Amino acid sequence: KFSGWAQNLRTHFHRTRARLVQKELRRKNGKVYDVGCGDGLFLEEASRLGLKVTGFEPGSTPRGQAERRLGQILDRQLFASLKTEKASAITCWQVIEHLDDPPTFLRACRKHLAGGGLLTLSTVNLDSLQAKCFGGHWLHLDPPRHLWIGTLRGVIQLVREAGFRVEKVRYNNLEF
């Protein structure tokens, strides 16, 4: 889907995310489970840093790309490979806006995360400057693919109600 400078930029963003996850885990042997892993670029970058990786991708085409990229089979059902062990980190890059029930999903993440584990997510922000400038024409409204879009306060509330503590909030305006 991407090539040249666009693919290089994607790689840069995923590499940055992988380094952030590694730093937060403070150990190289943590298992990272990426929900909606797409073509597996983030997992590849995390693996290069020494992290044990796996994930879930519902789409057969991107899942196949990810499996070829990683040389391993990924989950076809959410959290299927976490039945006997828990993840040290669960990552959800641009996922919750595609869900019709984010609270149930976040509680499931909590259930499959090891004690002291890390949930990292990114999503679009209804309070963003982009959203305010473009209003009803904002790119990230994206119906029918985006089913839920929240404000920063709304996302934080969802995360807390699922039993998590919010430690950091970062913005990446350049990527989106």
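## Strand S3 and its neighbours

Strand S3 and strand S4 (residues 113–122) run parallel and are joined by 6 bridges. Strands count as paired if DSSP finds at least two bridges between them. Within this pair, Cys-92 stands opposite Leu-121 in S4. From S3 the chain passes through helix H4 (residues 102–111) to S4, a right-handed β-α-β crossover; right-handed means that, with the strands pointing away from the viewer, the path from the first strand over the helix to the second runs clockwise.

S3 also runs parallel to strand S1 (residues 31–35), with 4 bridges between them. Here Asp-34 stands opposite Thr-91 in S3. Of the 7 residues of S3 (residues 87–93), 7 are buried, so the strand is largely enclosed by the rest of the structure. Buried means under 20% relative accessible area (1.4 Å probe, protein chains only).

## Basis of the model

The model is predicted: local features need pLDDT of at least 70, side-chain atom pairs count only at pLDDT 80 or more, and totals for chains, interfaces and linings use all residues. Residues are numbered from 1 along each chain as its sequence is written, and side-chain values use heavy atoms, leaving out hydrogens and water.

## The whole protein

The protein has 6 helices and 4 strands, taken as DSSP runs (helices H or I, at least four residues; strands E, at least two) and numbered from the N terminus. Their order from the N terminus is α-β-α-β-α-β-α-β-α-α.

The C-alpha trace spans about 45 × 40 × 30 Å along its principal axes. Of the 176 residues, 45% count as buried.

Terms used
Buried < 20%, exposed > 50% of the residue type's maximum accessible area, 1.4 Å probe, protein only.
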